[in-house]
Amino acid sequence: QEQLVESGGGSVQAGGPLRPPCVAPGYAAKRECMGWFRQIPGGAREAVATSTVNGAITRYADSVARRFIISQDNTKNTLTLQMNDLRPNDTARYYCASGNLRPWECGLTSLTGFTYWGQGTQVTVSS
């Protein structure tokens with residue numbers, strides 16, 4: 001099964017930025033919906049931001065709205081999450097995923113339909 005590959009995580013002080021990219025090889029890149037998710041140890045995986053394949057519709061969790069920006073470069077099969085003004089409670093392992101979801105399904109409430117996943121990249125924000 002093809003997997004997405006995240007990178008660009010790391011440790012940063014509160015208020016700083018990170019911009020992890022996710023490369024989606026081959027078949028995984030040709031999905032209608034892509035997104036970023038995060039998970040802390042012992043917690044459920046939650047959606048952070050999603051985007052339809054053409055970027056026409058993007059959605060953000062309330063906790064990251066106006067701080068994070070999801071974008072795609074379809075020529076490079078890359079999905080990027082620009083994270084600004086990072087906070088300690090943004091600390092988590094971040095995953096990207098893709099799936100064949102229709103625009104109204106490409107949202108934040110369910111992981112169902114996201115077929116392809118990466119291994120994740122750790123983001124740690126210190127105060």
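**Entry 1: disulfides**

I took a disulfide to be a pair of cysteine sulfur atoms within 2.5 Å. The model I searched is a predicted one. My search of the whole structure returned two disulfides.

Buried means under 20% relative accessible area. Cys33 is therefore buried, at 0%, and Cys106 is likewise buried, at 1%.

I then turned to Cys22 and Cys96, whose sulfur atoms are 1.9 Å apart in a disulfide. I noted a torsion of about 60 degrees about the S-S bond of Cys22 and Cys96, so this disulfide is right-handed. Cys22 belongs to strand E3 (residues 21-23) and Cys96 to strand E9, so the pair ties together parts that are 74 residues apart in sequence. I found both Cys22 and Cys96 buried.

With bonded cysteines counted along the chain, I wrote down the pattern as 1-3, 2-4.

**Entry 2: nonpolar cores**

I next examined the largest nonpolar core, which has 23 residues. The members that touch the most other members are Trp36, Val48, Phe68, Leu81, Met83 and Tyr94. I listed the elements giving two or more residues to this core: strands E4 (33-39), E5 (46-52), E7 (68-73), E8 (78-83), E9 (92-99) and E11 (121-126).

For Met83 I set aside neighbours within four places in sequence and found contacts with Gly16, Pro17, Leu18, Pro20, Arg67, Phe68, Tyr94 and Val123.

I also found a second, separate core of nine residues, including Cys33, Phe37, Ala47 and Trp117.

**Entry 3: Arg38**

Which strand holds Arg38? I placed Arg38 in strand E4. Is Arg38 buried or exposed? I recorded Arg38 as buried, because its relative accessibility is 6%.

I then checked the polar contacts of its side chain. The side chains of Arg38 and Tyr94 are joined by a polar contact of 2.9 Å. A polar contact of 3.3 Å links the side chain of Arg38 with that of Ser63.

Not counting residues up to four places away in sequence, I found that Arg38 touches several residues, among them Ala44, Glu46, Val48, Phe68, Asp90 and Ala92. Ser63 and Tyr94 are also on that list.

Definitions and conventions
Residues are numbered from 1 along each chain as its sequence is written. This is a predicted model: local features need pLDDT of at least 70, side-chain atom pairs count only at pLDDT 80 or more; totals for chains, interfaces and linings use all residues. Side-chain values use heavy atoms; hydrogens and water are left out. A nonpolar core is a set of buried Ala, Val, Leu, Ile, Met, Phe, Trp, Tyr and Cys residues joined through side-chain atoms within 4.5 Å. Buried means under 20% relative accessible area, exposed over 50%, partly exposed in between (1.4 Å probe, protein chains only). Helices (H or I, at least four residues) and strands (E, at least two) are DSSP runs, numbered from the N terminus. Contact means heavy atoms within 4.5 Å. A polar contact is a pair of N or O atoms within 3.5 Å; within protein, one must be able to donate a hydrogen and the other to accept it, and residues adjacent in sequence count only if both atoms are side-chain atoms.
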